[in-house]
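Dear colleague,

My notes on selected local features follow it.

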Amino acid sequence: MAKVLLLFLVLFVTKVNASSTDSVKQIQDLMSSLYEQGEFNGSILVASRGKVVFSSGFGIANFKTGEKFTTATTSCIASVTKQFTAIGIMMLAEQGRLQYEDPVAKFIKLPECYRQVTIRHLLTHTSGVLEYSDLGSGRPDKLIFKTNSLHFTPGQRYEYSNSNYVLLSIVIEKLTGMSFPDFLREKILDPLGMSRTFPYPPQNQKISGVAIGYNQFGKLDDYNSTEMFGDGGLYSTVEDLLKWDQALYTELLVKPSTLADAFMPGRVMEGTSTYGFGWNIAEGPNGKFVWHTGNTAGFRAYIQRRLDQHRTIIILTNTGPSKRIEIAEAINAILDQKPYALPRRSGPKKMFALIGQRGVDHALHFYDSARQQSNSIYDFSESDMNLLGYYLLYDENKVDAAIKIFELNTKAYPTSSNVFDSLGEAYLKKGDKNSALKSYQRALEIDPPNLHAANMLKKIKP
């Protein structure tokens with residue numbers, strides 16, 4: 001059966017690439033196929049040297065009203081916001097109002113542990129500043145200001161932390177005397193004509209044309225503002241983000257020599273880094289390309305810029321995990337007239353449907369069968385399986401089923417601290433403290449700085 005399926009996929013991919021030299025039609029066929037399979041709901045725009053090659057919306061932006069997702073639909077871009085924060089800092093540096101080697105404590109009153117943290121460290125995620133979501137609940141700035149230790153010595157290594165960009169937005173506010181949203185509007189968004197880009201609109205103020213977030217199982221999972229920006233919080237459209245992309249080829253915001261720093265990886269003493277100022281950086285067969293993903297609640301975002309080719313791909317979705325990177329690579333292959341692989345389908349989404357239809361054991365059997373196929377059309381990523389486990393645990397209150405899903409994830413990803421942390425949480429909800437204790441201990445063995453696991457162990461075993 002697996003051989004037959006593999007042959008079908010090979011024939012299908014070959015047929016897609018050989019059926020037409022019209023790249024626009026091939027992209028349309030690809031996206032329509034993904035939409036029909038339930039694997040894409042959102043908008044996409046592809047441009048070459050500023051000219052739109054393909055743009056379209058698929059699916060629904062608001063399940064309650066039935067409003068369709070179009071290229072003019074405003075959707076949460078989450079961490080793609082970071083590149084706007086970074087450009088704000090670069091604008092201030094170009095004006096001589098700060099230097100990248102300045103300590104952040106020069107602008108913000110912070111605990112002593114921040115003394116060696118520089119603006120550059122924050123921009124490149126090499127600061128060691130703890131992720132605010134690991135510090136508890138509440139406003140990110142207040143959580144960050146209360147910390148009295150760092151995860152590691154500034155400059156030692158790369159470690160992504162949203163706290164870095166919250167601090168950068170506060171630096172901008174301190175230097176300009178403006179709120180961060182006002183700074184973005186006056187200095188970046190209005191000058192570029194990005195009229196459909198704005199900070200998070202409270203749920204009761206969301207207007208027509210603004211997407212609502214849902215999880216991959218169709219339940220409301222909208223973004224809730226923390227009243228802090230810098231690391232995320234912006235909403236935009238694929239059309240507006242093309243304006244942003246094109247502005248970076250000009251001097252409307254900063255000089256090319258200033259922008260060049262954004263596309264250079266941060267320096268680290270241990271390991272390597274591929275992160276610059278608000279952008280991930282990579283080298284491909286056609287030269288350097290930069291990109292960033294966004295992920296919050298049910299929203300996903302992606303922007304990729306192939307600098308030498310002046311090619312841009314922008315993707316916004318609102319129904320949980322989406323194969324943004326795989327879709328972008330398939331489109332690049334189409335435009336380069338090369339073969340490509342179809343993005344794989346969501347295995348956890350299929351498992352959820354099977355659990356509802358025939359029970360968790362049938363879903364587990366499907367999981368085992370699909371995983372054994374060397375070229376399965378289904379993907380079972382760690383993060384997506386975890387999302388399924390949590391949905392079963394809290395939204396469906398199917399604790400035993402959730403435990404089985406988390407257990408599968410620990411076997412598939414035995415070196416992930418997060419999956420053992422999640423399993424411990426499920427055991428604890430069931431009331432099995434001994435099993436929860438073992439899971440949290442294993443999570444800490446894998447990753448000693450796992451604050452959540454450490455705090456849970458203290459609660460279970462004082």
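Which residues does Ser163 touch, not counting residues up to four places away in sequence? The model is a predicted one, and in it Ser163 contacts Val129, Leu130, Glu131, Tyr132 and Ile144. Ser163 lies in helix 6, which spans residues 162-176. Its relative accessible area is 0%, and Ser163 is therefore buried.

Most residues other than glycine have a negative phi. His125, although not a glycine, has a positive phi of about 55°. This residue sits in the loop between helix 4 (119-123) and helix 5 (140-146), and with a relative accessible area of 0% it is buried. His310 likewise has a positive phi, near 55°. His310 belongs to the loop between strand 10 (299-306) and strand 11 (311-317); it is partly exposed, its relative accessible area being 25%.

Finally, I turn to a pair of helices. The axes of helix 15 (residues 417-430) and helix 17 (residues 451-460) come within 10 Å and cross at roughly 30°. Since angles under 35 degrees count as roughly parallel, helix 15 is roughly parallel to helix 17. The crossing of helix 15 past helix 17 is left-handed. Helix 15 contributes Asp421, Glu425 and Leu428 to the contact, while helix 17 contributes His452, Ala453, Met456 and Ile460.

Yours sincerely

Conventions
Residues are numbered from 1 along each chain as its sequence is written. This is a predicted model: local features need pLDDT of at least 70, side-chain atom pairs count only at pLDDT 80 or more; totals for chains, interfaces and linings use all residues. Side-chain values use heavy atoms; hydrogens and water are left out. Axes are lines fitted to C-alpha atoms, for helices over the stretch in contact, and angles run from 0 to 180 degrees between N-to-C directions. Helices (H or I, at least four residues) and strands (E, at least two) are DSSP runs, numbered from the N terminus. Angles under 35 degrees count as roughly parallel, over 145 as roughly antiparallel, 65 to 115 as roughly perpendicular and the rest as oblique. A crossing is left-handed if the near helix is turned anticlockwise from the far one by less than a right angle, and right-handed if clockwise. Contact means heavy atoms within 4.5 Å. Buried means under 20% relative accessible area, exposed over 50%, partly exposed in between (1.4 Å probe, protein chains only).
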